[in-house]
Amino acid sequence: MMILGVVRMLQPVHGYDVRRELLSWHADKWANVQPGSVYHALKKLADEDALREVASEQVGGRPARTRYEMTAKGDEQFRDLLSGALWEQREVEDPFLAGFSLMTELPREEVAAALRHRARRLRAENAGAAAAIASGWAVPENKPTHVRWMIELGIARNEGEIAWCERVAERIEAGEPYLSPELLERWKRGLGERDHASD
């Protein structure tokens, strides 16, 4: 979707310019666009008739640079992908959640420290984003308005997670039990019943 979208906005466009534009958006961090895969993706999209090669130029000893533009098929594919991305709600894969699900296997002090560290890192991200806005980098004269809105969304998400990390760290440090004795007993009993059922 991102590659098709950039081609659509800048067409006809070289693969180098598509890659450079996506890197300037830091799309490798938030849209899972790997810079090394851009040229392959452009070629694949052209093979699938979503893009059309309109020119190939060679300057000096450099490799030939191909310009691409959208086809009707590519435009339809892009619109479908874009609508899906805007309307669907998907869970984001985050290794933190896998670690947090097994936090009971580490000392409480370590888990609380990890949560406070996560909150500090998120605060630093927010400070950087706020500085970008304050510096004028994300004002309408320099960037499209929706870029600022995306930065504001990142800040808002981080603020929610910062508050959660600190709240949970406090509860862990206060000694709040992870499992009540009754729940632990029911859990163990349920595991035992499953083992007998499989015999």
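User: What is the mean pLDDT of the protein chain, and what share of its residues reach 70 or more?

Analyst: This is a predicted model. Where pLDDT is low, the predicted coordinates should not be read in detail. Here the chain has a mean pLDDT of 86. Of its residues, 93% reach 70 or more.

User: Where is confidence lowest, and where is it highest?

Analyst: Helix α9, residues 181–198, is lowest, with a mean of 71. Helix α7, residues 108–134, is highest, at 94.

User: How many helices and strands are there?

Analyst: The protein chain has nine helices and three strands. Read from the N terminus, the order is α-β-α-α-α-β-β-α-α-α-α-α.

User: Why is the chain called more spread out than a compact globule?

Analyst: Compare two numbers. The globule rule gives 16 Å for 199 residues, but the radius of gyration is 24 Å, well over that, so the chain is more spread out than a compact globule. Along the principal axes, the C-alpha atoms fill a box of roughly 70 × 55 × 35 Å.

User: Now pockets. What lines the second largest pocket?

Analyst: Start with the idea. Rolling a probe the size of a water molecule over the atoms shows where empty space is left. In this model, the second largest pocket holds about 160 Å³ of space. Its lining is F96, G99, F100, L102, M103, L106, V111, A114 and L115. Helices α6 (95–101) and α7 each give at least two residues to that lining.

User: How many of those lining residues are nonpolar, polar or charged?

Analyst: Eight are nonpolar, one is polar and none is charged.

User: Which residues form the aromatic cluster?

Analyst: F96, F100 and W164 make up one cluster. Across the whole structure, a search finds three aromatic pairs. F96 and F100 also belong to the pocket lining.

User: Which charged residues lie over ring faces?

Analyst: R118 sits over the face of F96, 3.9 Å from the ring centre. R108 sits over the face of Y178, at 4.2 Å from the ring centre.

User: Last topic, the backbone. Which peptide bond is cis, and which residue other than glycine has a positive phi near 65°?

Analyst: The general idea is this. Most residues other than glycine have a negative phi, and most peptide bonds are trans. In this chain, the bond joining Q11 and P12 is cis, with omega about -10°. P12 is in the loop between α1 (2–10) and β1 (13–14). D49 has the positive phi, near 65°. D49 lies in the loop between α4 (38–47) and β2 (51–57).

Key: Residues are numbered from 1 along each chain as its sequence is written. This is a predicted model: local features need pLDDT of at least 70, side-chain atom pairs count only at pLDDT 80 or more; totals for chains, interfaces and linings use all residues. Side-chain values use heavy atoms; hydrogens and water are left out. pLDDT is the predictor's confidence in each residue, from 0 to 100. Helices (H or I, at least four residues) and strands (E, at least two) are DSSP runs, numbered from the N terminus. On a 1 Å grid over the protein atoms alone, a cavity is a set of points where a 1.4 Å probe fits but cannot get out, and a pocket is an open set with protein on both sides within 12 Å along at least five of seven lines; lining residues have an atom within 4 Å of a point. Grid points are joined across faces, edges and corners, and a volume is the space filled by probe spheres set on the points. Ala, Val, Leu, Ile, Met, Phe, Trp, Tyr, Cys and Pro count as nonpolar, Asp, Glu, Lys and Arg as charged, and the others, Gly among them, as polar. Rings of Phe, Tyr and Trp (its six-membered ring) pair if their centres lie within 6.5 Å; planes under 30 degrees apart count as stacked, over 60 as edge-to-face and the rest as tilted. A charge sits over a ring if NZ of Lys or CZ of Arg is within 6 Å of the ring centre and within 35 degrees of the ring normal. The radius of gyration is taken over C-alpha atoms; the globule rule is 2.2 Å times the number of residues to the power 0.38.
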